[in-house]
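Hello,

Here is the structure I promised to pass on. Please open it first, then read my notes below.

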Amino acid sequence: MSTSRAQPNPAAERREADVKPMQVGLLGIGTVGSGTFKVLTRNQTEIRRRAGRGIEIAMVADLDVARARSIVGEGIEVVSDARAVIANPAIDIVVELIGGYGIARQLVMEAIAAGKHVVTANKALLAVHGTEIFAAARAKGVIVAFEAAVAGGIPIIKALREGLTANRIEWIAGIINGTTNFILSEMRDKGLDFAVVLKEAQRLGYAEADPTFDIEGIDAGHKVTIMSAIAFGVPVQFDKAHVEGITKLQAADIRYAEQLGYRIKLLGITRRRDEGIELRVHPTLVPAKRLIANVEGAMNAVVVQGDAVGTTLYYGKGAGAEPTASAVVADLVDITRLHTADPDHRVPHLAFQPDELHDTPILPIEQVVTSFYLRLQVADQAGVLSRITTILAERDISIDAVLQRESAEGEKQTDLIILTHDTVEGHMRAALAAMQVLPTVLAPIVSIRKEELN
Ligand code: HSE
């Protein structure tokens, strides 16, 4: 067996010594910022060997200067004014970790105007204002990198934009919010209702004090909007996404789904159809045998279906200090490698060349095609099932399975669970309205979308 050793390369060593490390300015040093500082410091030798040049945090802006100082120690300039970082001509890359669409948007636009490359984990900002931000970056010849914005540490942006670039992407379905996946896992494991588990998740620090963005599906909506744009070459348009959270989910439906061989997950789904693009977030029944159905706790996973590669699955931590820092630092390395490349020959922000973006419509939810789980609380008497199946048949909705809870002795009502085959959502809405007014339907009908993901 022969072994080989890298030969010393004096020219490369001289070159590296001559090149000043890339100078990074952090805007905000909370959880992700301190993780970024730690990872960059701990792995600096490896990172320099990969990037061909050192990457250093030279300046940090945070309103809590004392806490920021306690994280980064001496030798790094710490300020309270983010604009001082942007104004510093020595800074090459600005890392925006403030979040939200307010001041973060202004600072990102100002950083771009000042000729800085930008790294951001801000999914809300990009899903809503991405078009304006990417256009400004292009005009200025700078890079806006955002791997950390979707599924934290999972390199899904890199996979979609580069690794799968040969493919016509057919659809993407992802568990892209850890908080809600944790809550759903707990609801299933312990048979508890949403409100009880949410309180527990807040006590344990899994859910924020104001968990609205997570539990209402908005955070997942931002992330799937970004993936959709990259997958299909359309502008980011969060306002067209259909977004439902998990707040109305009941333990009974998780139990019935289980009996029928399904798990309920909050999925972000985007799918190419002849008529347009589906873009939606909602609780979804998924066959229990699919790998994604078995992603538990706060973990994230994304399934991508490409025409050439088939089905691929990406799994990992979608949040947390170092998993998210892993994505931020990867972007810093990318920029360090690519910033000298002609801007027209870099990987485009949204994977497709900017003049090749299409205006394919995002379909309204009424035109989405999916199958359904229905739970009807009905009077347990002759003819009830037949009236319901007639209403479905009249709207061309085909039934896949029916389950009826065995009534207790003397009980006058029961639960009827129906799984349908694929149908147009508008047809199902009409059928639901017709079924709901039947005198034998005793409570609001529960309907949850179902995806076979095959
Ligand atoms: N709050 C998100 C989650 C992480 O629970 O997954 C940041 O987007």
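The shell around the ligand divides into one nonpolar, three polar and four charged residues. Keep in mind that this is a predicted model.

Which residues are around the ligand? They are Lys123, Asn177, Gly178, Thr179, Asp214, Asp219, Lys223 and Ala319. Two elements each give two or more residues to this shell: helix 9 (178-190) and helix 12 (218-232).

I went through the side-chain contacts next:

- Thr179: an N or O atom of its side chain is 2.5 Å from an oxygen atom of the ligand.
- Asp214: here the ligand atom is a nitrogen, 2.9 Å from an N or O atom in the side chain.
- Asp219: an oxygen atom of the ligand is 3.0 Å from a side-chain N or O atom.

How much of the ligand does the protein cover? On its own, the ligand has 260 Å² of accessible area. The protein covers 82% of that. As for the site, the ligand sits in the largest pocket.

**The domains**

The chain is divided into three parts. Domain 1 takes in 10-154 + 323-356. Domain 2 runs over 156-318, and domain 3 over 368-450. What is the distance between the C-alpha centres of domain 1 and domain 3? These centres lie 52 Å apart.

That is what I have for now.

Best wishes

Conventions: Residues are numbered from 1 along each chain as its sequence is written. This is a predicted model: local features need pLDDT of at least 70, side-chain atom pairs count only at pLDDT 80 or more; totals for chains, interfaces and linings use all residues. Side-chain values use heavy atoms; hydrogens and water are left out. A residue is near a molecule or strand if one of its heavy atoms lies within 4 Å of it. A polar contact is a pair of N or O atoms within 3.5 Å; within protein, one must be able to donate a hydrogen and the other to accept it, and residues adjacent in sequence count only if both atoms are side-chain atoms. Accessible areas come from the Shrake-Rupley method with a 1.4 Å probe; for residues, only the protein chains shown count as cover. On a 1 Å grid over the protein atoms alone, a cavity is a set of points where a 1.4 Å probe fits but cannot get out, and a pocket is an open set with protein on both sides within 12 Å along at least five of seven lines; lining residues have an atom within 4 Å of a point. A molecule sits in a cavity or pocket if more than half of its atoms lie within 2 Å of its grid points. Helices (H or I, at least four residues) and strands (E, at least two) are DSSP runs, numbered from the N terminus. Ala, Val, Leu, Ile, Met, Phe, Trp, Tyr, Cys and Pro count as nonpolar, Asp, Glu, Lys and Arg as charged, and the others, Gly among them, as polar. Domain bounds come from an automatic or database domain assignment.
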